[in-house]
Amino acid sequence: MLSAPLLSGYMLLWISFAVLTALVLLALLSPLRTRVRDEDAGRASFDLAVYRDQLSELERDQKAGLIPDSEADAARNEVSRRILAAQSELASKEEVARPVPAWLSVATVIAVPAIALGGYMMIGRPDLPSLPLQARIDAAVANQDMAAMVRQVEKHLEQKPNDARGWAVLAPAYKRIGRLNDAANAYRKALALSGPDPDLMTDMGESLVLANNGLVSNEAQEVFEAVRKAAPKHMKARFYLALALQQEGKTADALAGWNAMLAESSPDAPWRSAVEQQISSAGGQLPKGPALTEEQIQQGQQMSATDRTAMIRSMVEGLDERLAADGSDIDGWLRLIRARMVLGDKEKATDALNRASEALKNDQQAVTQLEEARKALGL
Amino acid sequence: MTPEIGQFALVLAFVTAIYQFAVPMYGAWRGDSRLMAVAPPAALLQFGLIALSFGCLTWSYITSDFSVENVVRNSHSDKPLIYKISGVWGNHEGSMLLWVMVLALFGSAVAAFGRNLPPSLKARVISVQGSISIAFLSFILLTSNPFNRLDPAPIEGQGLNPILQDPALAIHPPLLYCGYVGLSIAFSFAIAALIEGKVDAAWARWVRPWTLAAWMFLTSGIILGSWWAYYELGWGGWWFWDPVENASFMPWLIATALLHSAIVVEKRNALKVWTILLAILAFSLSLVGTFLVRSGVLTSVHAFAVDPARGVYVLGILCVFIGGALTLYAWRAPTIKTGGLFAPISREGALVVNNLLLTAACAAVFIGTLYPLVLESITGAKISVGPPYFNLTFGPLILPLLLLVPVGPMMSWKRADMWAAIQRLWAAAVVALVVAVAAMAWQWRGPWLAPLGAALGAWLIAASVQEMLNRAKFASVPFAVALARLKGLPGAAWGMMIAHAGVGVMVIGIVGITSWKQEIVTVLKPGETQEIGGRTVTFIGENPVTGPNYTADRTRFRISSGGVEVSEIWSEKRIFKPSNQPTTEVGIEPFLDGDLYVVAGDRAADNGRTVRFYFHPLVWMIWLGAALMFLGGCCSIFDRRYRVGAPKKAKIPVTQPAE
């Protein structure tokens with residue numbers, strides 16, 4: 001987001017800071033340079049001014065007939081006594097203008113900018129420009145600001161809710177910023193306005209699956225079925241239908257579905273790796289269960305963000321289920337723990353570690369390995 | 001960039017506050033007029049910097065800059081502009097920023113208008129103001145920074161609590177803060193006087209108008225909050241003895257006492273030490289109020305800052321300032337020369353009684369507010385102290401005070417004849433008696449005390465009027481002359497009369513709403529009617545309504561009196577975006593004898609709706625009374641006259657001077 005005009009904004013910010021600091025120093029130091037009049041320094045003279053004022057007030061009130069003469073006289077006596085007392089004090093002058101100690105000016109010039117800058121650097125964020133909403137939305141495309149682009153389209157759709165293309169643009173954008181339910185709804189609106197379209201329907205189904213933590217709900221399944229009826233070769237729909245079968249426990253049917261996909265697709269098809277991983281995680285082709293290695297997760301990261309999430313989640317859940325049924329596989333446990341950590345789910349990683357320790361408590365070597373993993377991962 | 005400039009300006013303001021505190025204090029100690037002359041520009045500069053900072057935050061709110069965390073938490077781009085702006089102080093961080101801005105504003109007012117103050121007093125006052133600024137600016141910067149940034153920035157804010165989206169609440173906090181913080185001036189003057197060991201004539205002259213200004217702001221702030229609670233919360237009450245209300249009421253009571261004792265300092269040069277103590281107490285209670293509300297120890301609509309770190313910090317500030325001030329008081333107060341003497345029965349004596357009763361009443365409120373908190377922190381037991389406690393403690397203290405209010409102004413300074421003063425009030429007493437009888441006739445079934453309460457209010461009003469008529473001498477000089485005299489009476493006299501009458505008006509209003517309130521809860525279907533307060537209310541029906549950031553069901557009612565349609569009112573149940581928080585908008589139709597108050601409840605079967613009807617007799621008199629008190633303050637504060645209290649000649653001539 002650092003573009004040329006912004007950079008100059010950054011400069012401008014520091015220039016403003018410098019100007020502000022200079023103004024503050026000027027305001028604080030200039031009184032030290034100005035000459036102070038000495039004639040009014042006598043303390044009692046201020047009291048005298050007040051008392052004289054009181055006397056003239058009294059005079060006015062008496063003339064206006066607001067207070068009786070007797071009261072006015074008594075009050076005048078009291079004020080006069082105070083005036084006499086003040087005049088006797090007047091002789092002594094208490095304050096003088098002395099030369100300003102040099103250290104004060106020097107300390108001010110050094111301390112003010114130092115404390116201000118130091119304090120600011122502790123809590124400030126000079127690197128962040130201001131982001132007024134309207135300007136942000138206007139510059140959304142230039143800045144690749146996904147949230148603002150979404151907002152822009154939303155505003156447009158508030159005006160024209162029947163713009164099918166608008167909904168079709170908005171839906172994947174929602175998906176990218178993680179608003180999955182909104183994405184599904186936007187697809188639904190786009191479909192309602194433009195009529196059935198296999199790609200849109202599949203994307204809607206996928207959003208539903210993702211919003212549902214990787215589980216293929218009945219609604220999603222119906223959508224995928226509809227796509228298969230309209231376009232039997234639609235690979236993504238078939239992929240999710242197979243996943244649905246696996247989640248229902250029909251692993252053999254699921255494997256058949258995925259294998260059929262592999263058989264029909266060219267060797268460089270983009271979905272190949274995802275399908276292969278799905279097969280390996282679901283099936284008994286590998287002797288020790290799914291090989292959920294760091295490498296595989298790396299591979300997964302090259303896929304699109306949403307596919308990756310779905311893939312990793314389903315694989316990890318599969319591994320978890322298998323280990324819950326048979327907890328004797330120490331390598332499987334270690335893979336699961338690491339995978340949980342890679343996904344950023346520390347709680348579940350700890351949970352897996354505890355379950356592993358419980359299942360393998362009689363295997364001394366495994367216990368040591370788990371202890372090492374616990375230390376290495378900081379759990 | 002804007003938020004960062006605000007942030008930097010705030011840090012600079014903090015540095016300036018340190019300078020403002022240290023250099024003038026050192027200069028005053030050295031007796032160096034050049035160093036003391038630094039104080040005014042520093043105070044003005046500090047205000048400028050905080051205002052710049054506040055402006056930057058406001059700009060972030062207006063432009064919906066969601067890279068600022070505070071804006072995200074408390075604003076929403078759909079909000080109307082006025083609530084975007086009021087959102088700035090509708091939250092903890094922003095309201096603290098407003099707090100220090102008002103503090104700096106008062107400090108710079110001393111700097112700008114304090115030409116007639118002795119330089120060392122002025123320097124010390126501004127320096128003490130600076131020390132308060134240091135405490136609260138560091139509090140903001142360290143625990144409640146309003147300029148925290150978010151990266152990446154969300155695209156939309158979370159909105160402001162809908163019940164805070166209200167015109168009265170948009171100005172309630174600024175007014176209340178002007179009141180709270182205005183008392184800091186009296187505090188700073190008190191501390192400066194203690195350090196100097198001397199109370200100047202100018203000291204007395206300054207403390208009273210500043211206290212009066214703070215008191216006026218407090219009065220209007222409290223009553224606006226109360227008015228808001230009345231029409232927005234929909235509970236049909238106006239004062240709940242809620243700790244947050246008490247937090248603002250306690251400084252008000254002490255400020256009222258201070259206001260009266262400052263008159264004695266001003267006119268008679270007496271009660272100086274006591275007045276200094278009151279000045280310290282008034283601001284201390286403001287700090288306690290700030291602590292109670294800001295620390296989150298109370299759970300109410302105001303407690304939006306539930307964060308122990310903040311609470312501890314404010315508690316620390318509290319201990320340093322209150323503890324420090326009282327220690328200084330204990331050490332230095334004996335060095336201050338006492339002034340004029342007076343007999344127990346005198347205007348001064350009456351003002352002392354006023355002070356004692358107000359302070360005792362404040363103590364009662366203080367205990368009722370803090371006891372549950374202390375008990376909870378020690379034993380963990382949760383109790384709530386409600387109106388019964390306050391009626392039993394606050395009531396007996398405030399009633400004699402109200403009864404005596406008219407007597408004080410009738411007494412002369414220095415020594416007075418109590419019986420003569422009371423005799424002069426015979427006309428007011430007759431009016432009060434008539435009102436009591438009339439009230440009994442009007443509401444003959446009502447509580448027995450109510451007519452007496454109404455009589456008390458009438459007594460206050462009638463005595464105030466009578467006082468003015470007496471002063472203008474309507475009884476002894478021709479009417480035209482008396483009228484001219486009435487016009488010529490000093491503003492302070494008018495202020496006192498209007499404010500005291502305002503208290504009377506308010507008392508009648510309070511008696512009305514507490515004794516004669518009617519309440520009916522029922523289920524109505526469209527077309528059905530309900531009788532209340534001598535009027536007939538018909539439920540017309542309901543329709544959906546869309547506001548800028550809410551949707552609502554509006555239920556409409558027709559009011560008719562004696563078969564004639566008078567007006568139509570509505571009540572709404574609103575659902576606010578984006579939080580889906582529901583609020584209720586009350587329908588109120590004011591009549592001369594009271595408010596008809598309608599609150600729509602939940603839907604019932606067959607298109608029906610639960611509706612709560614209230615009739616609040618004379619409630620407008622509460623608001624009018626407060627407005628009169630404020631108006632009285634205005635008259636008094638613009639009175640530039642300044643008189644020494646004129647002692648009346650005693651029957652036996654006294655030759656000895658009073659001092």
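Predicted model: local features only at pLDDT ≥ 70, side-chain atom pairs only at ≥ 80, totals over all residues.
Residues are numbered from 1 along each chain as its sequence is written, while chains are lettered from A and ligands numbered from 1 in the order in which they are written.

**Exercise 1.** Find how many helices and strands chain A has.

*Solution.* Start with the terms: helices (H or I, at least four residues) and strands (E, at least two) are DSSP runs, numbered from the N terminus. Counting these in chain A gives 18 helices and zero strands.

**Exercise 2.** Describe how helices H9 and H11 of chain A pack.

*Solution.* First, locate H9 at residues 198-211 and H11 at residues 235-247 of chain A. Next, take the angle, about 35 degrees, and the distance between the axes, 9 Å; axes are lines fitted to C-alpha atoms, for helices over the stretch in contact, and angles run from 0 to 180 degrees between N-to-C directions. Finally, list who touches whom (C-beta atoms, placed from the backbone, within 7 Å): H9(A) brings Thr202(A), Gly205(A), Glu206(A) and Val209(A), and H11(A) brings Lys236(A), Ala237(A) and Tyr240(A).

**Exercise 3.** Work out the strand order of the open sheet in chain B, and name its edge strands.

*Solution.* Two strands pair if DSSP finds at least two bridges between them. S1 (518-524) and S7 (587-591) of chain B each pair on one side only, making them the edges. Inside the sheet, eight bridges join S8 (residues 594-603) to S9 (residues 609-617) of chain B; Tyr597(B), for one, has Tyr614(B) as its bridge partner in S9(B).

How values were computed:
Contact = placed C-beta atoms within 7 Å.
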